[in-house]
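Hello,

Here is the model for you to take over. My notes on it follow below.

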Amino acid sequence: MIPWPPPTLTDEPRIIPVPASNNQRLAPWSRIWRYLASIATAIVFLALVIADYSSASSDSHLAEATLGGLILLDLVLGVVALCLLPLRRRRPLLIAVVTAALSSVSASALAAAIWAAISISTQRRWGGVVVVGGIWAVATFVYETIVRASVSGIAMYPAPWVSIAVAIAIYAISVATGFYIGARRDLLISLRERAENAEREQTLRDESARGAERTRIAREMHDVLAHRISLVALHAGALTFRTDLTREETAQAAGIIQDNAHLALSELREVLGVLRGRKETGDSGHPEPAQPTLADLPALLTEAREAGTTITLQTGASGSAWSDATTEGLSKTVSRTAYRTVQEAFTNARKHAPGQPVTLRIEHSGDLLTLGVRNPIDPREHAAGPPGSGVGLIGLQERADLVGGRIRYSIEPDGFFLLQAWLPWT
């Protein structure tokens, strides 16, 4: 009797990490136009300052020299602020603070301060935004109450808080613009990463599908050809070593070799037709040949026995005879996997234990279909069989995994080779 240990079905999923993508730098023109806009804005502010100071009453050369010095200082600090703008990506908070502080003395530096405020707002961090906003308010207050107030005869605004309110409004618009740019930039980066991840996952799926298809083709080719070729090799070996055969026996063996070779070619064409699809082969008017299942097991047993293998079939606890009712309710995919398992076991028995008896046991136990093939190994007769490829049992393991089952094979202490399979019934 063949033992039936309880199976343990496991299926661990594979997790493929996906690396994150890097942010792309801005194109050269995307940087240049910002600097050009800052320079143009600074020139406008400087022109307004000149017009503002020109309206002041100057009754002495000292007053004119003071106005000229303030305009020159405004221009120099505005240029310094513009020169600091390229550093705003490395030190956004520092540059925003410095340019905002320079605007307390120089109105033209306000242009650079606006772009620095936009740049720091793209990070969407309220801490730095609030700090820079406070400096803006203080700088505006200093400019209105100290710098402009030091010019005699200049027309003052009704109150400094009006200028502060205008400056805060400009800063709020800059912050809103920066938040929008930052959100849009993050969205584009997210979409780019999603597209790259989707492309990478699609590539992995394509590679996995190609590998699975290659494995399926190899498995089908092996299952179809190994059985027939082993029969051809067995009878060809008999013709090689048996020199005492009569003419009729030799012709009979040659006929068996010829028939199995033709069957191998026919089954190979059927497998290729299934793998390619009937649309590619041009035989759309003919149905695809049915893949063998356990319903074809009697024919497989007859064929193996005619090849000289003694097979004992056991079904169920009582060892009753095989019938089509045995597979009632069995999934076709599982039934086909079970047939290929038995076929491969018979092929291995002919390869590695020619002439030895084989015991086949099939049983429906609970929600499992259990299979067992057992045969002795005779080292003296091992050389008579054809060489093995070593992939047949691997293919059976793959088939079992695909239907959620498992197989086990081993050489028992008594010298018997045992192949067992547990497959889900549905």
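Contact here means heavy atoms within 4.5 Å. Helices (H or I, at least four residues) and strands (E, at least two) are DSSP runs, numbered from the N terminus. Axes are lines fitted to C-alpha atoms, for helices over the stretch in contact, and angles run from 0 to 180 degrees between N-to-C directions.

This is a predicted model: local features need pLDDT of at least 70, side-chain atom pairs count only at pLDDT 80 or more, and totals for chains, interfaces and linings use all residues. Residues are numbered from 1 along each chain as its sequence is written, and side-chain values use heavy atoms, with hydrogens and water left out.

Helix α11 (residues 392–402) lies across β4 and β5. It runs at about 150 degrees to β4.

Those strands belong to an open, mixed sheet of five, ordered β1-β2-β3-β5-β4. Two strands pair if DSSP finds at least two bridges between them. β1 (311–315) and β4 (406–411) are the edge strands, each pairing on one side only. On average, neighbouring strands are turned by 10 degrees against each other, direction ignored. α9 also packs on this sheet, touching β1 and β2 (358–365). Its direction makes about 155 degrees with that of β1.

β3 (residues 368–376) and β5 (residues 416–424) pair antiparallel over nine bridges. Gly372 has Gln420 of β5 as its bridge partner.

Last, the helix pair. α9 (residues 297–306) packs against α10 (residues 332–352) at about 5 degrees, axes 11 Å apart. The contact includes Leu300 of α9 and Phe346 of α10.

Best wishes
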